[in-house]
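Reader: Please show me the model. I will then ask about the labels.

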Amino acid sequence: MDADACPTVIKDILFRAAERVGIPLTLVANKALRVPRSSHIKTVQVPGGFDVADKWIAAQVQTGDLVITADIPLAAEVIERGGNALNPRGELYTPDNIRERLSVRDFMDQLRGTGVNTGGPPALSLGDRQAFANQLDRWLSRQRQQE
């Protein structure tokens, strides 16, 4: 998981899921993180710098892994490497939708570059949290069926 900017409430959902299902959870960040003691949860602290955590995640991802990230270029790379990417608002990125998400991201980046204030994303809502939890449960169920 790309833990640098992941909301605490989403991390809490992931902590509970890792314990409930017994699946490994790795949080990657450029600062020390506090996580529950668990044989299923580990942290990786990478050096500070632009996209260092993203590069580490992309280099480590394996086919079938799930990466939690709001970073669309990282999500695209995860998908390209055979992984799955889910954002904290519950949107599962797929080969079918990632190109559109990259285009929108690039367009918004160009607007910001010209001085247009595009604003930030809205606060994470209860509906977003529920959508995330539902997508995570669906993914976990598919993993159990494949075992």
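**Salt bridges and a helix pair**

Author: D137 and R20 form a salt bridge, with their closest N and O atoms 3.0 Å apart. This is a predicted model: local features need pLDDT of at least 70, side-chain atom pairs count only at pLDDT 80 or more, and totals for chains, interfaces and linings use all residues. Residues are numbered from 1 along each chain as its sequence is written, and side-chain values use heavy atoms, leaving out hydrogens and water.

Reader: Why is the pair D137 and R20 called a salt bridge?

Author: The term needs a side-chain nitrogen of Lys or Arg within 4 Å of a carboxyl oxygen of Asp or Glu. The closest N and O atoms of D137 and R20 are 3.0 Å apart, so the pair qualifies. By this rule there are three salt bridges.

Reader: What makes D128 buried or exposed?

Author: Buried means under 20% relative accessible area, exposed over 50%, partly exposed in between (1.4 Å probe, protein chains only). D128 has 16%, so D128 is buried. Its salt-bridge partner is R89, at 2.6 Å between the closest N and O atoms. R89 has 28%, so R89 is partly exposed.

Reader: Why are α1 and α5 called roughly parallel?

Author: The axes of α1 (residues 8-21) and α5 (residues 126-146) cross at roughly 25°. Angles under 35 degrees count as roughly parallel, so α1 is roughly parallel to α5.

Notes: Axes fitted to C-alpha atoms, helices over the stretch in contact; angles between N-to-C directions. Helix = DSSP H or I, 4+ residues; strand = E, 2+ residues; numbered from the N terminus. Parallel < 35°, antiparallel > 145°, perpendicular 65-115°, else oblique.
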